[in-house]
Amino acid sequence: MRAPYPWFGGKSHAAEQVWAALGDVTSYVEPFCGSAAVLLARGAPGRVETINDTDGLLINAWRAIRWAPEVVAEHADWPISELDLTARHLWLVEHHAEIRDRLACDPDYYEPRAAAWWVWGACCWIGSGWCSGKGPWVRDGDRLVRGDAGRGIHRQLPHMAAGMGIHSSRGGALAEWFGELAARLGRVRICCGDWRRVVTPTVLSPIRCASVGVLLDPPYPVGEIGEYAGGSASVWPEVCAWAAEHGEEYRIVLCGYDGTWTPSAGWTTRLLRHSGGYQGAELRERLWCSPLCLDERQGALFGTP
């Protein structure tokens with residue numbers, strides 16, 4: 001199943017290799033889920049699946065798709081429009097904190113129109129920075145003005161190529177797609193917060209799972225080609241340290257660039273077979289697989305969806 005929006009730094013191109021390494025694990029955890037493309041690429045749902053991200057608008061989108069797919073599809077069914085992209089971008093940035101706080105206070109809360117606008121805009125946006133709140137344009141009454149380069153938004157031409165995310169489907173097909181996503185997310189645990197909250201023993205193995213798989217795709221270190229411009233690179237050393245400490249306990253796949261981490265003995269390094277993004281990035285991107293991961297031959301037989 002495809003994700004409904006593209007994600008800067010996403011791993012849709014790596015999903016087959018990730019599942020070949022993890023196999024059919026009982027519990028799957030993705031602390032930096034983004035578009036959740038790897039989860040959606042799984043052949044059949046696992047017994048326990050957990051995704052997490054710090055972006056409240058992203059989590060609102062998944063919560064709304066899960067509980068009100070038809071409403072989200074109705075609001076998302078809109079043509080590409082530069083001024084609508086700017087206006088919706090501004091509205092989402094200004095209401096981000098409010099939506100995030102209500103998500104935290106009310107387990108039943110979601111804002112379907114905001115979810116639809118966020119998904120729609122992510123499919124129109126070029127590169128990183130969608131709803132990051134970092135840009136020169138700010139509201140002055142009923143118009144936009146250049147501020148002091150503090151908290152604001154960027155204005156840019158929308159993605160004009162056809163077929164980006166939801167723009168590849170319209171009307172009834174879009175509603176059907178969102179309905180299928182809602183069904184797929186039916187038992188997925190969706191968390192919003194720091195990545196360390198979902199890599200505790202209680203979350204990873206809540207029912208004494210026989211096998212646990214963890215996909216770690218954190219923001220890459222500052223200065224690296226293709227770093228996640230909207231994320232904090234400070235988590236990279238912490239994530240690497242956690243992976244090294246728990247590599248003998250779980251099947252872990254860590255994504256990164258060659259030369260940014262040196263795995264310990266027993267880990268394997270795999271070159272991604274295909275990657276988009278910046279020129280040259282596809283030659284450097286790696287998957288580091290912990291000792292409990294399936295080898296490529298086993299994965300081809302048992303792990304690939």
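User: Is Tyr 5 buried or exposed?
Analyst: This is a predicted model. The cut-off for buried is under 20% relative accessible area. Tyr 5 has a relative accessible area of 3%, so this residue counts as buried.

User: How many aromatic pairs does a search of the whole structure find, and is the pair of Tyr 5 and Trp 62 stacked, tilted or edge-to-face?
Analyst: The search of the whole structure gives 14 aromatic pairs. For Tyr 5 and Trp 62 the ring centres are 6.0 Å apart, with 50° between the planes. Planes under 30 degrees apart would be stacked and over 60 edge-to-face. That leaves this pair as tilted.

User: How many residues apart in sequence are the parts that Tyr 5 and Trp 62 tie together?
Analyst: Tyr 5 lies in the segment before helix H1. Trp 62 lies in helix H3, residues 56–67. The pair therefore ties together parts whose separation in sequence is 57 residues.

User: What is the relative accessible area of Trp 62?
Analyst: Trp 62 is buried. Ring pairs also link Trp 62 with Tyr 5, Trp 7 and Trp 118 in a cluster. The relative accessible area of Trp 62 is 0%.

User: Which kind of pair do Trp 91 and Trp 117 form?
Analyst: Their ring centres are 5.4 Å apart. Edge-to-face needs planes over 60 degrees apart. The planes here stand at 85°, so the pair is edge-to-face.

User: Which helices do Trp 91 and Trp 117 lie in?
Analyst: The pair ties together parts 26 residues apart in sequence. Trp 91 also has Arg 113 over its face, at 5.2 Å from the ring centre. Trp 91 lies in helix H5 and Trp 117 in helix H6.

User: How many residues apart in sequence are the parts that Lys 11 and Glu 285 tie together?
Analyst: Lys 11 and Glu 285 form a salt bridge, with the closest N and O atoms 3.1 Å apart. Lys 11 is in the segment before H1, and Glu 285 is in strand S9, so the bridge joins parts separated in sequence by 274 residues.

User: Which residues do salt bridges that share partners join into one network?
Analyst: Glu 49 bridges Arg 42 at 3.0 Å, N to O. Glu 49 also forms a salt bridge with Arg 184, the closest N and O atoms being 2.9 Å apart. The network consists of Asp 24, Arg 42, Glu 49 and Arg 184.

Notes:
Residues are numbered from 1 along each chain as its sequence is written. This is a predicted model: local features need pLDDT of at least 70, side-chain atom pairs count only at pLDDT 80 or more; totals for chains, interfaces and linings use all residues. Side-chain values use heavy atoms; hydrogens and water are left out. Rings of Phe, Tyr and Trp (its six-membered ring) pair if their centres lie within 6.5 Å; planes under 30 degrees apart count as stacked, over 60 as edge-to-face and the rest as tilted. Helices (H or I, at least four residues) and strands (E, at least two) are DSSP runs, numbered from the N terminus. Buried means under 20% relative accessible area, exposed over 50%, partly exposed in between (1.4 Å probe, protein chains only). A charge sits over a ring if NZ of Lys or CZ of Arg is within 6 Å of the ring centre and within 35 degrees of the ring normal. A salt bridge is a side-chain nitrogen of Lys or Arg within 4 Å of a carboxyl oxygen of Asp or Glu.
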